[in-house]
Amino acid sequence: MNTDDSRDDSHGGSPLRAAILLSRASITAAAVREMEELAQRTQAAMASSFAAVVHAFSEQGSPSLREAMDALASGDAMGGRVPGEIVIVPLLVPMEPGYRSWISGAVQRWQRDAEQRLEVSLCIPPGDTLAIDTLVQSLLGQPAARIGAPAAASPGGSVIPPQKRRVLVCQGGPCNHAGAAQTWGHLRNEQKRLDLRNAGEGMMSARTSCLGPCNLAPVVQVFPEGTWYGGVDEAGVNRIIESHLLRGEVAADLAYLPLPGKQTLR
């Protein structure tokens, strides 16, 4: 790391700090804009402590946590400067223990692959502070918008999707601990970017409860073939897309046959 670029001359040469506001998921431009504006307001209010505040999504949505950390580590998010520390702020109530474990695992996998290792810290979640009480009480003191009557069901019926393949991403406990949320988020982002619903023979995706082979986590299964894939991270998702979804060929290095007896990750 270039130590000159990672220090803040305006604060006595102290290391630069950056923050990532981490939310679960977003599929709409309005929600992404809401996170962008929150990051901008936070940076304006915390400029004396943080050189940059950006947002990220742990599941579906862009940027992903890895993309946000990459942008900070490369200097792209800070005009060429690189922070000495990244602080992750999980915006989630309640924050399940598994989600904390997922963040730690995601950061550790990123540090393993990153060209330069940065210190990464995790803020205490909102639910662990009394500030959440103040926030909830403040919200209850504001005017509330009344919810109207339910809309009538469409009389036009539904179209049966023509896509041939279904990609299931397990969300059982072991898979979530192994990074299934990141696998799912990357799959959904690539599905949108590559228009996979219409590419090749078409595909749709869904999250599921436990699929069974927990020791192969994170587990993905592709139908109609019923192919089992194990240890699927972002790079594994890319291989499954390139081989199975676009060419109709099983990604053999990640695939596991339903054989008698227990199997472990290769």
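This is a predicted model: local features need pLDDT of at least 70, side-chain atom pairs count only at pLDDT 80 or more; totals for chains, interfaces and linings use all residues.
Reader: Thanks! Is D128 buried or exposed?

Author: Happy to start there. The cut-off for an exposed residue is over 50%. With a relative accessible area of 51%, D128 passes that cut-off, so D128 is exposed.

Reader: R100 forms a salt bridge with D128. How many residues apart in sequence are the parts that this pair ties together?

Author: The closest N and O atoms of R100 and D128 are 3.8 Å apart. R100 sits in helix 3 (residues 97–113), while D128 belongs to the loop between strand 6 (119–122) and helix 4 (131–140). The pair therefore ties together parts whose separation in sequence is 28 residues.

Reader: E201 forms a salt bridge with K164. Where in the chain does K164 lie?

Author: In this bridge the closest N and O atoms are 3.5 Å apart. The pair ties together parts that are 37 residues apart in sequence, because E201 lies in the loop between helix 6 (180–193) and strand 8 (203–208), and K164 in the loop between helix 4 and strand 7 (165–170).

Reader: R17 forms a salt bridge with E85. Which strand holds E85?

Author: The closest N and O atoms of R17 and E85 are 3.3 Å apart. This pair links distant parts of the chain, 68 residues apart. R17 is in strand 3 (residues 17–23), and E85 is in strand 5 (residues 85–90).

Reader: Let's turn to the domains. How much area is buried between domain 1 and domain 2?

Author: The domain assignment gives domain 1 (17–134) and domain 2 (165–256), with 25 Å between their centres, taken over C-alpha atoms. Across the interface, 10 residues of domain 1 are in contact with 12 residues of domain 2. Carbon and sulfur atoms give 41% of the buried area, which comes to about 1000 Å². Of the area that domain 1 buries against domain 2, 50% is supplied by three residues, more than any other three: E59, Q60 and W102.

Reader: How many residue pairs are in polar contact between domain 1 and domain 2?

Author: Between domain 1 and domain 2 there is 1 salt bridge. The polar contacts, with both residues at pLDDT 80 or more, number 4 residue pairs.

Reader: One last stop, E234. Is E234 buried or exposed?

Author: E234 is found in helix 7 (residues 234–247). Its side chain meets that of R66 in a salt bridge (3.3 Å, N to O). The relative accessible area of E234 is 13%, under the 20% cut-off, so E234 is buried.

Reader: Leaving aside neighbours within four places in sequence, which residues is E234 in contact with?

Author: One partner has come up already: R66, through its salt bridge with E234. Another is Q182, whose side chain makes a polar contact of 2.4 Å with the side chain of E234. With those sequence neighbours set aside, the contacts of E234 are R66, Q182 and H186.

Terms used: Residues are numbered from 1 along each chain as its sequence is written. Side-chain values use heavy atoms; hydrogens and water are left out. A salt bridge is a side-chain nitrogen of Lys or Arg within 4 Å of a carboxyl oxygen of Asp or Glu. Helices (H or I, at least four residues) and strands (E, at least two) are DSSP runs, numbered from the N terminus. Buried means under 20% relative accessible area, exposed over 50%, partly exposed in between (1.4 Å probe, protein chains only). Domain bounds come from an automatic or database domain assignment. Contact means heavy atoms within 4.5 Å. Buried area is the accessible area (1.4 Å probe) that two parts lose on being put together, summed over both. A polar contact is a pair of N or O atoms within 3.5 Å; within protein, one must be able to donate a hydrogen and the other to accept it, and residues adjacent in sequence count only if both atoms are side-chain atoms.
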